[in-house]
Amino acid sequence: MANSKSAYSSAGKKQKLDTHIIVVWVDNEAGVLARVVGLFSGRGYNIESLAVAEVDQKKNISRITIVTTGTPQVIDQIKLQLKKLVPVHKVADFKREDKNVIFKEMALFKFVANNGKLNKAIEACKNFNPVILDKTNKSNVIQITALRREIDNMSKNLKKFGLVSVSRTGAVAMTRGSEIFK
Amino acid sequence: MPKLYSGAEIVFKCLEDQNVSHIFGYPGGAVLPIYDELKNFNSVKHILVRHEQGAGHAAEGYARSTGKPGVLLVTSGPGATNAVTALTDAYMDSVPLVCITGQVPTHLIGTDAFQECDTTGITRPCTKHNWLVKDVNDLAEVIHKAFEVATTGRPGPVLVDIPKDIQFQKAKYKNFKNKQKLNGKSHNNYSQKNIDELINLISKAKKPIFYTGGGVINSGTKASELLRELVYATGFPITSTLQGLGCFPADDNQFLGMLGMHGTYEANNAMYSCDLMINVGARFDDRITGKIDEFSPKSKKVHIDIDPSSINKNVKVDLAIVGDIKSVLTSTLKTFKKTKKNFSKSNKFQISNWWEQIQKWRSKKSLEYIGSEQTIKPQYAIERLYELTKDKDTYITTEVGQHQMWAAQHYKFNKPNRWMTSGGLGTMGYGLPAAVGVQIAHPKKLVIDIAGEASVLMTMQEMSTAVQYNLPIKIFILNNEYMGMVRQWQELLHDKNYSESYTAALPDFVKMAEAYGCVGIRAKTPEELDDKIIEMLNSDRPVIFDCLVDKQENCFPMIPSGKPHNQMLLGPKDQKEKKITGKGRTLV
């Protein structure tokens, strides 16, 4: 330390990281996603997952949901930096543990197997609102909605029932109750 | 039916409505329609630079010395990429710039066309915002919005990319009404409660200090006046960052000099030991704080800043006041005068021990250096330059390196907007083109670029611009043949391995001046220095002044990396007295 040869100070102590879900309402215009994502990569923030789509076609508003990790200071910076972007209207931030917020991810599973295994696969998905989107003699496609960790587990555990392909979205979030975020 | 204007005309209609009198630029294929219209708009004068980076820095110099946005106009591809350094520089130092770039026609975008580049993609991280205009009907609104974003809140650069076909297409132009509203991103966001809290802290403090920065200057000259009023009314000491120099008179007794890596002993020790730090428009930059964990450990910290994301970014503060400095200081003074009449007198006793301590630190005379009769000491050169120019309203720009720090330490600024230097990005080659921009804005004033020989060579071609427009800028080069700051770090931290920091084949700057058609002057000894400086000042033409200085001189005091403020490295005089001990040696 005393012998540092750098023109810069050395890094401070490592702090605990929290997982947060950041929701950003933006003008749906060219390059807006690049601005948001570029802010994260440029300043060294994490993105664990990302979901984005237009939610108000009249006003051209898109809603971006980003799952990120960081120290409390970094999470604060993320929010404040996002708010400075010109196309950003508002920014909400929820802790993953927050009981007042619903988080959901969707996944599509494709199974290729015999009938017995396919039925077992459907059975295994039953806690996660399974929808059978496609079915043939030797395959099916099941849609589930669940939490990130649950989908992680499922995609590991279902290999034995012939899971061959997984496609999944980032998390989306919404508060419980009648209140909306202003 | 209303008159239709081409995109190129609309660009100038907008510039006229924004009261832009000068633009800095360089033509090229994708901006030719705009250049074609130049002749029809007499109120906008175009300054032809020699490199687009020069256009950017000139616009910065113009902006920082006037408080108005600087405008540059460059072509697509290399024109845009050359401007990126200046845009990044302006972003780091919060300088309002509007950069207009040409782009290949809309139907060729994405085809790797000649001189095409993803300008908005490249400049996204170095502008506050940028726009690619794909419909001529949006053009006027976008340009006006660009000026609004650049100049409101924390100022910064913006870019408008205009494809060539849009410059030809026609649209209506509605006259623009200048509405002074903020862009909703950065309005004042503080309450009277915050102000009361601040005044409460002020009245309790026993070891207070004001730490002020470029935000005061960006907030306008009125902000500097208010700051002075508050500092006098409290009787507190004040220190300033590199960018804040000039917002408080440097020759005033309450001013402790610049703080930070090359700041004075008294300023840094006061920052370390204070019990109340009032940060006004500064951003706790790493050159200021040193080791964050040990930064001013015992103080309550107040941070007044217009940018909410500056609060708690590097240093956690106890009281944040988000707002424009001018408006925050106005509220503070109003309440202060009402509740604390004659405060500076009644409070004198409470902070008298603090001032005594500061005087002790001051008596170290940390900016002193060992003089010489044979060679010109760089500090001496700046001192003489200051003495011989202090009666004039002088504008100083600098390049980046030792000379920049010596200028900040030894040239005393008493007014805001007189000091233009690249602090955040540290761009070598900033000073010469910035001086061009300053002189354009202030044709009758004395403009000096305090330069190093290495930095100035990076943008030397702009001398040609200065000659073309009869700009009598003075390029005062402290020539030590080294990249001085690199050499200093190598001496102190890399065992004197002067790897590639010596410039072996420097040009003859006097002959170079003559080749450019300006005046070249060389000073070799301390004896002749004054006469030569006077000769430079008496010239009404651009001058390159080659001041040959001591090649080994280092810039002190200095906080070694990763050290707190109270562990400074002082100059050679002090080191001799102290005899560097084992521990001291590991510091260097």
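I looked up Ile22(A) and found that its bridge partner is Ile66(A), in strand 3 of chain A. Strands here are DSSP runs of E with at least two residues, and helices are runs of H or I with at least four, numbered from the N terminus. I note that this is a predicted model, where local features need pLDDT of at least 70 and side-chain atom pairs count only at pLDDT 80 or more, while totals for chains, interfaces and linings use all residues. Residues are numbered from 1 along each chain as its sequence is written, and chains are lettered from A and ligands numbered from 1 in the order in which they are written.

I then followed the two strands. Strand 1 (residues 18–27) and strand 3 (residues 61–70) of chain A pair in the antiparallel sense over 10 bridges; pairing takes at least two bridges found by DSSP.

Next I checked the helices. Helix 1 (residues 32–42) of chain A packs on the sheet and touches strand 1, strand 2 and strand 3 of chain A. Contact means that C-beta atoms, placed from the backbone, lie within 7 Å. The direction of helix 1 makes about 150 degrees with that of strand 1 of chain A. Such angles run from 0 to 180 degrees between N-to-C directions, with axes fitted to C-alpha atoms, for helices over the stretch in contact. Helix 2 (residues 72–84) of chain A lies across strand 1, strand 3 and strand 4 of chain A, at about 160 degrees to strand 4.

Last, I turned to the other chain. I found 23 residues of chain A in contact with 22 residues of chain B. Helix 2 of chain A gives the most to the side of chain A that touches chain B, with six residues.

Conventions: Contact = placed C-beta atoms within 7 Å.
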